[in-house]
Amino acid sequence: MSDSRETQVVDAVNPQLFIGGQWRAAEGGKTFPVEDPSTGKILVEVADAGVADGKAAIDAAVAAQQEWAATPPRDRGEILRKAFEIITERTDELALLMTLEMGKPLAESKAEIAYGSEFFRWFAEEAVRISGRYSIAPNGATRLLTLKQPVGPCLMITPWNFPLAMGTRKIGPAIAAGCTMVVKPAALTPLSMLRLGDILAEAGLPDGVLNIVTTKSTGEVMEPIIRDPRLRKLTFTGSTEVGRSLVEQSAQGLLRVSMELGGNAPFIVFDDADIDDAVDGAMLAKMRNIGEACTAANRFIVHESVAEEFGTKLTAKMADLSVGRGTEDGIKVGPLVEAKQRDKVAELVDDAVDKGATILTGGSAPDGEGYYYSPTVLSDVPLDARIAKEEVFGPVAPIFTFTEEEDALQMANDTEFGLVAYAFTQDYSRAIRVYEALETGMVGINQGIVSNPAAPFGGVKASGFGREGGAEGIEEYLETKYVGLALG
Ligand code: NAP
């Protein structure tokens with residue numbers, strides 16, 4: 001990949017705030033740098049919004065709300081469809097931009113762009129299927145009309161790990177439902193979202209429907225928006241810790257709230273599983289996005305009779321992965337997003353090893369520039385290791401063993417999180433028992449990936465509440481109104 005192509009792609013981003021359909025500098029001209037995690041070098045400076053900029057963004061969303069809600073559903077759907085087509089045409093450019101700001105290999109960026117844009121296609125189709133009900137009251141005296149209306153202006157806060165898709169999963173249904181919005185992408189990876197602002201404007205989205213605010217003073221700028229009485233919904237994807245504090249802030253305005261929070265996914269391999277399939281599934285569940293996914297398998301819970309075979313085969317595949325800059329051909333594992341993230345991965349591995357785990361491959365950060373960590377497999381991990389409880393968010397696969405099915409389920413559910421679980425078994429009666437008993441919002445049976453725009457994505461317990469995608473996704477942006485009609 002040539003440096004000039006990289007420069008071109010970064011230069012195409014408008015590094016300002018997008019408010020009321022205009023690109024503008026932050027108050028006082030403040031900016032902050034965005035880094036390439038493979039080199040630590042600065043790619044570009046983007047606008048660093050202050051409190052007044054945040055207020056301008058919510059003002060613009062509020063001003064656009066009424067007219068947008070009255071726009072025909074087909075028109076809203078067509079804008080999404082058009083944006084889906086533009087994104088698809090520009091996949092190469094958008095993928096390179098994403099790899100530069102986030103580090104994941106180009107193939108992974110392309111996969112995210114395909115996944116992220118599908119939310120626009122899916123919700124383009126849902127926009128014209130919003131409907132209500134009509135019924136006769138039990139006493140026959142009145143008619144009951146139930147209709148759906150947009151919730152109103154929304155605030156969307158997204159994380160760095162999927163810079164585009166975590167946004168489109170919220171923006172798509174909000175546009176389809178007729179809501180306006182303020183979007184705040186992660187400070188580490190704001191570029192894909194800024195580019196999306198241009199694409200949606202090009203697709204015909206009216207001014208003020210989507211407003212994008214980038215800032216380093218996140219809490220200070222977000223809190224007044226959350227406490228603004230005109231805001232009607234807060235949707236957040238990120239860590240459980242930040243999610244908890246945002247739920248508290250949103251209590252004041254009794255906002256509609258969706259929280260897509262952290263995970264600690266168990267990946268159970270039963271003794272009757274097809275081990276080769278389980279290893280392939282494990283590679284997907286662990287290594288998608290370099291392990292920096294809320295859905296990433298965090299704990300491999302493997303029957304003791306197949307643990308050695310599973311561990312050996314998984315180790316062979318993990319050791320074979322090429323690590324390097326995501327823009328280069330054939331690279332499967334890019335850098336982690338920042339030094340802090342890499343150091344946390346190293347800390348969790350070191351803790352597990354100190355408590356008795358064995359390193360089958362990896363276990364260290366290579367020397368040189370960039371925030372790399374080698375793909376790692378750990379066996380004989382004790383249950384008191386921190387990695388059994390904490391989200392590792394990196395390319396590390398810890399293997400725990402079990403003997404009885406009920407022990408596997410008990411271990412799988414022994415976490416405050418409840419986003420997703422995976423189980424591999426060829427016994428369908430067991431599969432049913434297992435998916436019914438797992439305390440998670442999603443389960444993958446004999447598959448290592450669950451994300452699908454046509455399915456409801458979301459968690460239970462400390463992984464949050466609310467669903468994104470599927471038929472449920474648009475409901476998060478709709479209110480139900482009931483009208484009683486007297487017969488007279
Ligand atoms: P994070 O630190 O919670 O940040 C997420 C977003 O919240 C960022 O935009 C961040 O802004 C913002 N933020 C931080 N402090 C805030 C505050 N006081 N008020 C308002 N906003 C604030 O999480 P992350 O490290 O970016 O993302 C990783 C986490 O996201 C993991 O736990 C992962 O499991 C979770 N995740 C969950 C899902 C899901 O669907 N369940 C999907 C993807 C990721 P700054 O960038 O400025 O800090």
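**Around the ligand**

In this predicted model, the residues of the shell around the ligand divide into 16 nonpolar, ten polar and four charged. That shell counts 30 residues, and the closest to the ligand are Thr158, Thr218, Ser239, Leu261 and Glu391.

Where do these neighbours come from? At least three residues of the shell are drawn from domain 1 (3-261 + 463-483), and at least three also from domain 2 (265-452). Turning to the elements, at least two shell residues each are supplied by α6 (165-177), α8 (218-226), β10 (233-237) and α9 (240-251), with α8 giving the most, namely three residues.

An N or O atom in the side chain of Ser239 is 2.6 Å from an oxygen atom of the ligand, and for the side chain of Lys184 the corresponding distance to a ligand oxygen is 3.1 Å. At Gly238, it is a polar backbone atom that lies 3.3 Å from an oxygen of the ligand. Taken alone, the ligand exposes 900 Å², of which the protein buries 84%, and the space that the ligand takes is the largest pocket.

Methods
Residues are numbered from 1 along each chain as its sequence is written. This is a predicted model: local features need pLDDT of at least 70, side-chain atom pairs count only at pLDDT 80 or more; totals for chains, interfaces and linings use all residues. Side-chain values use heavy atoms; hydrogens and water are left out. A residue is near a molecule or strand if one of its heavy atoms lies within 4 Å of it. A polar contact is a pair of N or O atoms within 3.5 Å; within protein, one must be able to donate a hydrogen and the other to accept it, and residues adjacent in sequence count only if both atoms are side-chain atoms. Accessible areas come from the Shrake-Rupley method with a 1.4 Å probe; for residues, only the protein chains shown count as cover. On a 1 Å grid over the protein atoms alone, a cavity is a set of points where a 1.4 Å probe fits but cannot get out, and a pocket is an open set with protein on both sides within 12 Å along at least five of seven lines; lining residues have an atom within 4 Å of a point. A molecule sits in a cavity or pocket if more than half of its atoms lie within 2 Å of its grid points. Helices (H or I, at least four residues) and strands (E, at least two) are DSSP runs, numbered from the N terminus. Ala, Val, Leu, Ile, Met, Phe, Trp, Tyr, Cys and Pro count as nonpolar, Asp, Glu, Lys and Arg as charged, and the others, Gly among them, as polar. Domain bounds come from an automatic or database domain assignment.
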